[in-house]
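Reader: I would like a close look at one part of this protein. Please take the sheet and the aromatic rings that go with it.

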Amino acid sequence: MLKADTNQRTIVLLRDLQTSDQFSADIKNKLRSLYVQESNAREAARKKKYDWVSYLDLVYSKALHDNVNSLSKSKTFFSTSTVSNYAASEIEGDDVETMVSRLGAFKNIDDTSSLFMAYSASKSTQRRATINETEADSFFINYNKVLEKNIVSAFYSASRTDYKTESDLISQTINIENRRSIKDNQNILFGTNMGVTSYNQNPSFNTADAQDNDTLGFMLGYEYYFGPQHSIRVKADNTRIASEKNYKSYDSFKTSVDYANQFSLANFSISHSI
């Protein structure tokens, strides 16, 4: 009986028809019932649009590993003017197994903003040695907001890494970025980032805190889109690393160019940085 191009127009039309003198009471009751159904359907769709969406990743990986940088066919090495043999039981088959669990959740707060959060935990074990054995967990949160021609993104991440043979460390970073549209296919990028890394000093690693450092950086870039999935980006990053020990402090400047194109059967991307 009724057709409209959007749910909202259908609701408005049903509401207005209920007040018309051209319909009998029975038809008005049916219109009122349809109005309630359409209103409930719209509300349910609105709630679903802003519901949390969550996921769980479970990852297992195994890396074939040896305890030397390179191993000759003869399994020998040169040391103090003599040729020695590696013990096969000490260098071969020292595989590293890693298990990762990752829980994430995403939510559209409204039509112009969204929130994403993720927590992950991982554990790596080594068959013979212990240098690659670690336990780590991390937390990440990202908020995005559209403001006219700007897309503002804020990121916070925190991680803890427990090394079997090295000092443990805790790292926290904050990034704020903005993508401003200057034309339909062109954007200017700019942002800042701050970070703190601290090492756990204990009797086994009594100088670990000498590696503590703070970072402060700035980014400026430009994006050009040839098509929806075809783009090139040029970006410059300037970062200051301030270490607990002044002689370990330094400035880092990097420029990068990224090109990406999506074909029907494959995705192609290439990047270069200096």
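Author: Eleven strands form an open sheet, in the order β1-β4-β5-β6-β7-β8-β9-β10-β11-β12-β13. Their pairing is antiparallel. Strands pair if DSSP finds at least two bridges between them. Strands of a sheet pair through backbone hydrogen bonds, either parallel or antiparallel. The edge strands are β1 and β13 (267–273), and each pairs on one side only. Neighbouring strands of the sheet are turned by 15 degrees against each other on average, direction ignored. That angle is taken between axes, which are lines fitted to C-alpha atoms, on a scale from 0 to 180 degrees between N-to-C directions.

A word on the model. It is predicted: local features need pLDDT of at least 70, side-chain atom pairs count only at pLDDT 80 or more, and totals for chains, interfaces and linings use all residues. Residues are numbered from 1 along each chain as its sequence is written, and side-chain values use heavy atoms, with hydrogens and water left out.

Strand β11 (residues 230–243) and strand β12 (residues 250–262) run antiparallel, joined by twelve bridges. Ser231 stands opposite Ala260 in β12. The protein chain has three helices and 13 strands in total. Both kinds are DSSP runs: helices are H or I with at least four residues, strands are E with at least two, and numbering starts from the N terminus.

Next, the rings. The whole structure holds five aromatic pairs. Rings of Phe, Tyr and Trp (its six-membered ring) pair if their centres lie within 6.5 Å; planes under 30 degrees apart are stacked, over 60 edge-to-face, the rest tilted. Tyr55 and Phe116 have ring centres 6.5 Å apart and planes at 5 degrees, so this pair is stacked. It links distant parts of the chain: Tyr55 sits in strand β1 (residues 53–63), Phe116 in strand β5 (residues 113–126), 61 residues apart. Tyr55 is partly exposed, at 30% relative accessible area. Phe116 is partly exposed too, at 22%. Buried means under 20% relative accessible area, exposed over 50%, partly exposed in between (1.4 Å probe, protein chains only). Tyr55 and Phe116 also belong to one aromatic cluster with Phe140 and Phe155.

A further pair is Tyr224 with Phe226. Their ring centres are 5.0 Å apart and their planes at 65 degrees, so the pair is edge-to-face. Tyr224 is partly exposed at 28% relative accessibility. Phe226 is partly exposed at 48%.
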